[in-house]
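Me: I have a structure open here and would like to go through a few spots in it with you. Could we take them one at a time?

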Amino acid sequence: MVLEIKKVGVVGAGQMGNGIAHVCALGGFHVVLYDVSQEQIEAGMESVQANLNRQIGKGKISEEDRDRALTFIHPTGNINDLSDADLVVEAVNENEQVKRKVYSALCPVLKPEAILGTNTSSISITRLASATDRPERFLGVHFMNPVPVMELVELVRGIATEDETFEACRVFTEKLGKTVAVSEDFPAFMVNRILLPMINEAIYTLYEGVGSVEAIDTAMRLGANHPMGPLQLADFIGLDTCLSIMQVLYEGLADTKYRPCPLLVKYVEAGWLGRKTQRGFYDYRGEVPVPTR
Ligand SMILES: NC(=O)c1ccc[n+]([C@@H]2O[C@H](COP(=O)([O-])OP(=O)(O)OC[C@H]3O[C@@H](n4cnc5c(N)ncnc54)[C@H](O)[C@@H]3O)[C@@H](O)[C@H]2O)c1
């Protein structure tokens, strides 16, 4: 029997977690949004509110939709509040050790039949599943950023994922109005396997002095018709996340073509992680973003 998902838990209230909570609540699901950081919970709820208001401004939803969605989200710093969730989507940092730690705290809290999904951008679903007590009810549920805007969700089975688990999540993501693309469990799946090497190459192009930040982004916007330049996109994704994905590709596929650009490493070492820290390839602290190189 396919489990019907009614209540959703989200672990991590960062840019992806709060976006997932947003679309689930708007889709009529009750959501528990959990994070270890009170500051992130508050910032996450502020983002949800701001993004719902933006959707009202664009005529996509009504004020009643917003008010209803907000009452559907229960923000919390208490992991035990996830105990009655049918599906929990983990959206903590792209770091295997952090994710493993979350699973060991989370699994004893979950009901036995609950499904655990990870929003990882790149890490092996099979390996993450083995760090849980429920590999058959574990899978990759990879939302795209920004979640309320992007239509795609990649669903990824691990070696042990049961068909019922996969089917319940497919039905769930379609109820959110998203389109599913099924990916095999390979490093970085499909979207990031293609997208991140392009971003990394843009950073090499900057590193080797072929063009400035502005020139590279303009070239790809106007020359390849991309909606935003690759360096702007990297800042949007988060440079720590970009670096982690490149490392997973580099190590997982053992091919030097995926070597993370040393300049990307340097930005991450500086704590210049993009929009979320107000500085990356652009400086966002003033009125308009200013290129940092
Ligand atoms: N940024 C993107 O464009 C993007 C797109 C798709 C998928 N993802 C994936 O989504 C996940 C989250 O990325 P993000 O960009 O939202 O990161 P983020 O840095 O914005 O947020 C991570 C959140 O996890 C929280 N966290 C850390 N440890 C925790 C713990 N033990 N328990 C509970 N919460 C904890 C942090 O406080 C933070 O709020 C990553 O796996 C990432 O690869 C990111």
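Me: Let's begin with Q278: what is its relative accessible area, and is it buried or exposed or something in between?

Reply: Bear in mind that this is a predicted model. Q278 has a relative accessible area of 40%, so it counts as partly exposed, since that class covers values between the 20% limit for buried and the 50% limit for exposed.

Me: And where does Q278 sit?

Reply: Q278 lies in the loop that runs between helix 11 (262-269) and strand 9, and its phi is positive, about 70°, although Q278 is not a glycine.

Me: Ok, what about F189, what is its phi?

Reply: Phi of F189 is near 55°, which is again a positive value in a residue other than glycine. F189 is placed in the loop between strand 8 (179-183) and helix 7.

Me: Is F189 buried or exposed?

Reply: F189 is buried, because its relative accessibility is 4% and the cut-off for buried is under 20%.

Me: Where is T120 in the fold, and how accessible is it?

Reply: T120 is found in the loop between strand 5 (115-118) and helix 5 (125-129), and with a relative accessible area of 0% it is buried.

Me: Now the helices. How do helix 7 and helix 8 cross?

Reply: The axes of helix 7 (residues 191-207) and helix 8 (residues 213-223) come within 9 Å and cross at roughly 140°, which means that helix 7 is oblique to helix 8. The crossing in which helix 7 passes helix 8 is right-handed.

Me: Which residues make that contact?

Reply: On the side of helix 7 they are M198, A202, T205 and L206, and on the side of helix 8 they are V213, I216 and M220. Sorted by class, this contact of helix 7 with helix 8 has six nonpolar residues, one polar residue and no charged residues.

Me: And what angle does helix 7 make with helix 10?

Reply: The axes of helix 7 and helix 10 cross at roughly 110° and come within 10 Å, so the two helices are roughly perpendicular to each other. Helix 7 passes helix 10 in a left-handed crossing.

Me: Who is involved there?

Reply: Helix 7 contributes N192, R193, L196, P197 and N200, while helix 10 contributes C242, I245, M246, L249 and L253. The classes in this contact of helix 7 with helix 10 are seven nonpolar, two polar and one charged.

Me: How many residues of helix 9 are buried, and which ones?

Reply: Six of the eight residues of helix 9 (residues 230-237) are buried, so helix 9 is largely enclosed by the rest of the structure. The buried ones are P230, L231, L233, A234, D235 and I237.

Me: What covers them?

Reply: The cover over the buried residues of helix 9 includes helix 1 (15-26), helix 7, helix 8, helix 10 (239-253) and strand 9 (282-283). Following helix 9 comes G238, whose phi is positive, near 110°.

Me: Last one, which two residues does the cis peptide bond join?

Reply: It joins N145 and P146, with omega at about -5°, and P146 lies in the loop between strand 6 (138-143) and strand 7 (152-157).

Note on methods: Residues are numbered from 1 along each chain as its sequence is written. This is a predicted model: local features need pLDDT of at least 70, side-chain atom pairs count only at pLDDT 80 or more; totals for chains, interfaces and linings use all residues. Side-chain values use heavy atoms; hydrogens and water are left out. Helices (H or I, at least four residues) and strands (E, at least two) are DSSP runs, numbered from the N terminus. Buried means under 20% relative accessible area, exposed over 50%, partly exposed in between (1.4 Å probe, protein chains only). Axes are lines fitted to C-alpha atoms, for helices over the stretch in contact, and angles run from 0 to 180 degrees between N-to-C directions. Angles under 35 degrees count as roughly parallel, over 145 as roughly antiparallel, 65 to 115 as roughly perpendicular and the rest as oblique. A crossing is left-handed if the near helix is turned anticlockwise from the far one by less than a right angle, and right-handed if clockwise. Contact means heavy atoms within 4.5 Å. Ala, Val, Leu, Ile, Met, Phe, Trp, Tyr, Cys and Pro count as nonpolar, Asp, Glu, Lys and Arg as charged, and the others, Gly among them, as polar.
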